[in-house]
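Hi,

Here is the structure I promised to pass on. Have a look at it first, and my notes come after.

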Amino acid sequence: MLVLATGGSLAPAASDAFAAKPSRIVSLNVCTDQILLDLVPRERIAAVSHLAADPSVSAVSDKAKGLPATRGEAEVVVGFDPDLVLAGEYSTPATVDLLERIGRHVVKVPLASDLAGIAATVREVAAAVGEDAKGEMLLADMNKRLAAVA
């Protein structure tokens, strides 16, 4: 069963197969890597983007070290047998298209350009990985830190 999600898109209902917490998550984007690594234990992550462990672009490079990485090639991603793929809205479009055509659960996360967008992105990723409460904790921590510097 599909239900209408925020923004008018269709999303799986809670009773669908996607309702269980995914345990083989692949992230194709450094932004989704960072959120994912803050939300779920390493054991649930099949792979992150090749940029996740690069301290010059990733705020969580220390957490990503040692995890399998991908540059988003379809064959490599499919080889991880993911039950969830997180992609940025511009991430490897050919791979994302193929994954969707073969029935993989892909969540395309829009690029956040402000604090409200960041909050929406964290909530979307948290919902996709089954960690809504942890997502809210991350946002509460972010808001607390922002208030401290204001």
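Below is what turned up, starting with the ground rules.

This is a predicted model, where local features need pLDDT of at least 70, side-chain atom pairs count only at pLDDT 80 or more, and totals for chains, interfaces and linings use all residues. Residues are numbered from 1 along each chain as its sequence is written, and side-chain values use heavy atoms, with hydrogens and water left out.

The sheet: five strands make an open, parallel sheet in the order S5-S4-S3-S6-S7. Strands are DSSP E runs of at least two residues and helices are H or I runs of at least four, numbered from the N terminus; strands pair if DSSP finds at least two bridges between them. S5 (69–70) and S7 (106–109) are the edges, each pairing on one side only. S3 (residues 25–27) and S4 (residues 45–49) run parallel, joined by two bridges, and Ile25 sits opposite Ile45 in S4.

Helix H1 packs on that sheet, touching (heavy atoms within 4.5 Å) S3, S4, S6 (84–88) and S7. Eight of the 10 residues of H1 (residues 30–39) are buried, so the helix is largely enclosed by the rest of the structure. Buried means under 20% relative accessible area, with a 1.4 Å probe and protein chains only. Among the buried ones are Val30, Asp33 and Leu37. Asn29 caps the N-terminal end of H1, with a side-chain oxygen 2.7 Å from the backbone nitrogen of Cys31.

Lastly, Ser61 lies in H2 (residues 61–64) and counts as buried at 11% relative accessibility.

Cheers

Key: Buried means under 20% relative accessible area, exposed over 50%, partly exposed in between (1.4 Å probe, protein chains only). A polar contact is a pair of N or O atoms within 3.5 Å; within protein, one must be able to donate a hydrogen and the other to accept it, and residues adjacent in sequence count only if both atoms are side-chain atoms. Axes are lines fitted to C-alpha atoms, for helices over the stretch in contact, and angles run from 0 to 180 degrees between N-to-C directions.
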